[in-house]
Amino acid sequence: MAQTGHTENSTTMRRTLRREAPSTIGLLADAQDFAAMRRYRTFAFDDHTVYLQQVESLLKVLAAQGVHTTVALFDPEDYAEFCVESGLDADTGASRSRFTAEIAAAGATVTYTGQRLSDLIPVLVSRAVRQATWEYATLLLADLGTCADCGQDIGRAAFDRASHLLMRLLEAAGPGTHHLVCSTPTDNDQLLAVLHTHRDTSGPARLDSAEGAEFATVLAVAIALESRGGVVLRTSAPDSPDRVHGWRLAHGALAPLTAGEVFNAYCTDADTGEPVSPESGVEYCAGFDIGADPAEPHH
């Protein structure tokens, strides 16, 4: 009986430890990515829909056990490169598990709280895109080096300038719920950053620090490369129509757009150039002076 009691106690302790050990699931959200993984003999699934159903069932089981679970996007190309660089056999569950732990450490994950997988996937994809954009923009800034004239780190100076412009913009925007978009073209892609903030009638704007850093980094790329960057601000407040304002980046400053320019930018399809009907209950307004300090001379 003593031995039985010891065994039961050990089992209970292991279950307790299991509930306190977090789990991460590497999700093949895209059917094409799923198809790419089928070349591995140890990958047991052959139907993407069934796979997603099984993932959702597993998430529910882990949640019922009290296990904190996060979901990360599993990219087959990145996985293959990871296995080559790490000297791992890609056709093993252990290698897939190790890769999942690596991508989870990068931060582009979503915590499972009982939501449907169909609701979780768009959030996860958006977060992964944001992470990739921030990493790419950060590398662009880091590769700029130092100014030959003054020795200043160009990327750092551009980020400081972008942070200043963002803080002045949020201050000048006043109370309300604000949705900001910054876009800038690069040689390889169109970088896009989104920031959501809210400001009461008193006190500063409340914003997510990670979103703020990502937004400032993309704006910094536009400043450093002197590209055609732009910022759009949409403000919502109770009992009033949404207001949309816009600016273009010029010489390290945000130059206000006219109301007509804002209307054209918002009501034109970016891919086709065709007109798009304006939204009901939205006012398209000129950008306003954000009161930012003048930019230092660019070297």
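Q: Is R156 buried, partly exposed or exposed?
A: Start with the cut-offs: buried is under 20% relative accessible area, exposed is over 50%, and partly exposed lies in between (1.4 Å probe, protein chains only). R156 has a relative accessibility of 49%, so R156 counts as partly exposed. Please keep in mind that this is a predicted model, where local features need pLDDT of at least 70, side-chain atom pairs count only at pLDDT 80 or more, and totals for chains, interfaces and linings use all residues. Residues are numbered from 1 along each chain as its sequence is written, and side-chain values use heavy atoms, with hydrogens and water left out.

Q: Which residue forms a salt bridge with R156?
A: The term stands for a side-chain nitrogen of Lys or Arg within 4 Å of a carboxyl oxygen of Asp or Glu. For R156 the partner is D160, with 3.4 Å between the closest N and O atoms. Both residues sit in helix α7 (residues 154-173), four residues apart, about one turn of the helix. Helices (H or I, at least four residues) and strands (E, at least two) are DSSP runs, numbered from the N terminus. D160 is partly exposed too, at 41% relative accessibility.

Q: How many salt bridges does the structure hold?
A: There are nine. Among them, R206 pairs with D200, the closest N and O atoms being 2.9 Å apart. R206 is partly exposed at 48%, and D200 is partly exposed at 35%. Another one joins R234 and E279 at 2.8 Å. Here R234 belongs to strand β7 (residues 230-236) and E279 to the loop between α9 (259-266) and β10 (282-284), so this pair ties together parts that are 45 residues apart in sequence. R234 is buried at 16%, while E279 is partly exposed at 39%. Shared partners also link R130, E211 and E214 into one salt-bridge network.

Q: How many aromatic pairs are there?
A: A pair of aromatic rings is described by the distance of the centres and the angle of the planes. Rings of Phe, Tyr and Trp (its six-membered ring) pair if their centres lie within 6.5 Å; planes under 30 degrees apart are stacked, over 60 edge-to-face, and the rest tilted. By this rule the count is 13. One of them is F34 with Y51: the centres are 5.4 Å apart and the planes lie at 45°, so the pair is tilted. F34 is in helix α2 (residues 31-37) and Y51 in helix α3 (residues 48-64), so parts 17 residues apart in sequence are tied together. W247 and F288 make an edge-to-face pair, 5.0 Å centre to centre with 90° between the planes.

Q: At what angle do the axes of α4 and α5 cross?
A: Two packed helices are described by the angle between their axes and the distance between the axes. The axes of α4 (residues 76-86) and α5 (residues 93-105) come within 10 Å and cross at roughly 105°. Helices α4 and α5 are therefore roughly perpendicular (65 to 115 degrees; under 35 is roughly parallel, over 145 roughly antiparallel, the rest oblique). D78, Y79, F82 and C83 of α4 meet S95, R96, R98, F99 and E102 of α5, contact being heavy atoms within 4.5 Å.

Q: Which residues form one aromatic cluster?
A: Y40, F74, Y79, F82 and F99 form this cluster.

Definitions and conventions
Axes are lines fitted to C-alpha atoms, for helices over the stretch in contact, and angles run from 0 to 180 degrees between N-to-C directions.
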